[in-house]
Amino acid sequence: MTLQVDATFGRGGFNRHAAFEVAPGAVLGLVGANGSGKSTLLHTIAGIDRVRSGRIVLDGQVLDDGTEFVEPQDRRCVVVFQDLRLFPAMSVLDNVAYGPRSHGAPRADAHARAREALAKVGLAGFEGRRPDGLSGGERQRVAIARAVVTNPAVLLLDEPFASVDADSRPGLREVLRGVLTGSEARTVIVSHDPSDIADLAATVVRL
Amino acid sequence: MTTALAPTAVPAQRRPWNRRRQTVVRSGILVLASLAISYGLTETTELGGILGFYLGLALCLPVLVFAESIRHGWNVAVDRVAASVIVAAFGAVLIPWASIFLTVYRKGSKAFHAGYLTEDMRITPSSDPLQFGGVAHAIVGTLIMVLIASAIAVPLGITAAVYIVEVKGRFAGFVRFLTQAMSGVPSIVAGLFIYATVVIFFGGFSAWAGALAYVILMLPTVARTAEEVLKLVPDELRSASYALGASQARTTFRVVLPTIASGLVTSAILGVARVAGETAPLILTASYFVATSTNLNEPIASLPIYIFSSLGLGDDNATTRAWGGSLVLLIVVFVLFALARTLSTRLSRK
Amino acid sequence: MTDTATTPERRRLTTNYTPVDRVFRGSMTAGALFSLVVLALIAAFLLYRGFEIFSDFGFSFITGEVWNIGDPMDTSTAVLGIGAMLVGSVLTAVIAILIAVPFAMSAALFIEYYAPKSVRTALTALLDLVAAIPSVIYGIWGYAVLLPIVEDWSVPLERWLDFIPIFDVPSGIFGRSPFLAGLLLSLMITPIVTSVAREVYGQAPRDLVDASYALGGTKWGAIRNVVLPFGRSGLVGGAMLGLGRALGETVAVYLTLNLVFDINFRILGSAGGNVASLIATKFGEATPYELKALMAAGLVLFLVTLLVNFLATVIVNRSRRIV
């Protein structure tokens, strides 16, 4: 049932090793200095990068062990990127509904779920807006909603507080807490500032 | 014991290539002097007219500049002569283009009257007085052929660009090379090809044939511009889409293409601007027709052929009509061009 | 548990696409290869239709300078050769290049190094606009405005320079001449050459240029020693692109050059023609056999321009890669 990571990852001359387990519903914090490879580890779990050695296993199924490899779109992992990567040519609602639509959900269904997710992050009423018209904190919440709406098995958050100013941080922490409680996802949050995730993460791994 | 050092005067900060008033005055005098000498030359020799005047200017100015600046040394003199030659050459190049715009406007506007854009030539021979007849048939014909050609060439061009940038298939380099090769096909050869196939096969000139010749000419332009624009989409957006479980098809159509939609429209407009003024292919495919027509299986009028055929008649009124058509065509090209530029600046501003 | 003893076997990195994506990729491939099909068909059809001509005349089709249909009923009496036209194509294109290149260089240097920064975008936009002027408008202007000027000029020019054969005009008939056509073509191709030159000159290593200034050099010194050598191959590529365009130009030449079947190097005299205008002129009243000859001529033109453009692209790409 758990996500098991025990691998060496990195690109080029850069090499790191990490080993941990995350149970369903649990939140793990990944901390370390800038450049310690936290984002790369997230990308490797998601399948955007590959392991150098070792393995990543989810629910007993090997996602990547050097020989076997499951494509990103077939893993049930979702990443909230540090640079958010909201699709500029779509409304907020379409952005959030993108995941369900890609998995085959009919439009009405996907839109309904998207509205639910937006409400959960406190952005009810923002459906028709465009990403470039939102503040940093609002965009962060859209990105979280977009990730959460697909009910992923693994939720990976890369520096969620990075583009958020100090005033909005407590608000975002509340939103995340609300989203994560009651979620069955195995969550990994990356941050260079441990205090941001101190009360969200039960376990902390330092790279 | 420390001696107080008298502060040496710090030289005033100078930007090396900033024009100072002295330089401007000097250049002004030299230009005026050469103008005067050139004028004298045109009077005395057979090299008359504006061209002679400009040639005189182009010869005098460097000589005078050289004479004036040689006192500063050889290098400075050469530098200034080079500058004057380059500026003079640039000016020389601008003159004919300015002349084209002015002549087309001057002579073309003579053909304009109230109904010029709405009437055609079905009952008016070209030699008739200028208040009769118009270019409606030519505008409609060009419009029809351009629309058909766009409907074919734009999707195909974007497909080729998508293949090269998104699909990155085995033949990507080959397709790129082919698109380059196709962009060099002379317009008359494109017409010849359509003639050899479509016109002969279907037994006659037609608007279809003209549109297909346009496709051959438009396709490479659209493909090339679309490729450039597609490359502007950051890869992060694509990987974000894949990470959310989307297929490549969905990623391309819902994320990548919409992101640069205005760029794609620009590529279409540039393709249209390229072909709208082509004459040669139409001679062999759509030929010409004097009435406004929407029959695609028959010959059809077009702005370039309207101009071309009016010229061939040798009559003064006909020639003026040709200029009128040129003015309309130039305005069309100019509008398309302005449209494409505003769209592309909007794209780069995002 | 990680395996420590065995090295993992080399994995084959293949991507299995979903059915949706396989359809997507397949259709994009088909669409993209469409241009291959068209290009191949062009060559094939022209060859097919013109084949008879090549088999009847062989190489003399390309070198012969007589175009005589003879008896329309009996094709064996025809003598057809595009030699004069090929020479005309090359001659006008060469004149065009010789005139265009120095002016294009000056324009490019002016825009990049002499013009104030504020007007640079405006000038570039102007350049693009001028490149879009249709050839028929160049043609009509060339006939109405440029022709009288060139005619006026040819007289004294010929008088002074007639000891050089190419400037001698025994017939005394000036007017539409290869020189006029070449001059008009040079106007048409200058924007292209300038654009390429401007791109290359703008990419000259700025640090070398600044170093030249710092050593007390002049602007022209920097240009001559750094920018021009750097931009040489790019300029050649641009010139060849212009050459390709000039070789295939039809209407502008049609209106400024009479069709005379005589291999003619006297550029000020009224004779010549190029392959493209040959096709446009003869097309209207061509006999079926003559039509085939025109197709064969089109094939020759197509192959020549293809070669020139191919070389041009290679040179331009190579100059870009150096950057």
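Author: Let us begin with a contact between two parts of one chain. In chain A, 10 residues of domain 1 are in contact with 10 residues of domain 2, contact being defined as C-beta atoms, placed from the backbone, that lie within 7 Å. The model is predicted: local features need pLDDT of at least 70 and side-chain atom pairs count only at pLDDT 80 or more, while totals for chains, interfaces and linings use all residues. Residues are numbered from 1 along each chain as its sequence is written, and chains are lettered from A and ligands numbered from 1 in the order in which they are written.

Reader: Where do the bounds of the two domains of chain A lie?

Author: Domain 1 of chain A comprises 1–76 + 153–207, and domain 2 comprises 86–151. Such bounds come from an automatic or database domain assignment. The C-alpha centres of these two domains of chain A are 22 Å apart.

Reader: Why does the radius of gyration of chain A agree with that of a compact globule?

Author: The rule for a globule is 2.2 Å times the number of residues to the power 0.38, and the radius is taken over C-alpha atoms. For 207 residues a compact globule would have a radius near 17 Å; chain A has 16 Å, and therefore agrees. The C-alpha trace of chain A spans about 45 × 40 × 30 Å along its principal axes.

Reader: Why is C:Gly139 called buried?

Author: A residue is buried if 20 or more other C-beta atoms lie within 10 Å of its own, exposed if 12 or fewer, and partly exposed in between. C:Gly139 has 27 other C-beta atoms within 10 Å, and is therefore buried. C:Gly139 is placed in helix α5 of chain C. Leaving aside neighbours within four places in sequence, its contacts are C:Val251, C:Ala252, C:Tyr254, C:Leu255 and C:Thr256. In chain A, 46% of the 207 residues count as buried.

Reader: What makes β1 and β4 of chain A a pair?

Author: Two strands pair if DSSP finds at least two bridges between them. Strand β1 (residues 3–9) and strand β4 (residues 53–58) of chain A have six bridges, in the antiparallel sense, and A:Gln4 stands opposite A:Val57 in β4(A). Three bridges join β4(A) to strand β5 (residues 61–64) of chain A, also antiparallel. These last two strands, β4(A) and β5(A), form a hairpin with two residues between them, and A:Asp59 in the turn has a positive phi of about 55°. In general, strands of a sheet pair through backbone hydrogen bonds, either parallel or antiparallel.

Reader: Which strands are the edges of the open sheet of chain A, and what makes them edges?

Author: The sheet has five strands in the order β6-β7-β8-β3-β9 (chain A), with parallel pairing. Its edge strands are β6 (77–80) and β9 (203–206) of chain A, each of which pairs on one side only. Between β6(A) and strand β7 (residues 154–158) of chain A there are four bridges in the parallel sense, and A:Cys77 has A:Val154 in β7(A) as its bridge partner. Helix α4 (residues 136–148) of chain A lies across β6 and β7 of chain A, running at about 180° to β6(A); axes are lines fitted to C-alpha atoms, for helices over the stretch in contact, and angles run from 0 to 180 degrees between N-to-C directions.

Reader: How many residues of chain C are in contact with chain B?

Author: There are 66 residues of chain C in contact with 71 residues of chain B. On the chain C side, α1(C) gives the most, with 18 residues. By class, this side divides into 45 nonpolar, 16 polar and five charged residues.

Conventions
Ala, Val, Leu, Ile, Met, Phe, Trp, Tyr, Cys and Pro count as nonpolar, Asp, Glu, Lys and Arg as charged, and the others, Gly among them, as polar.
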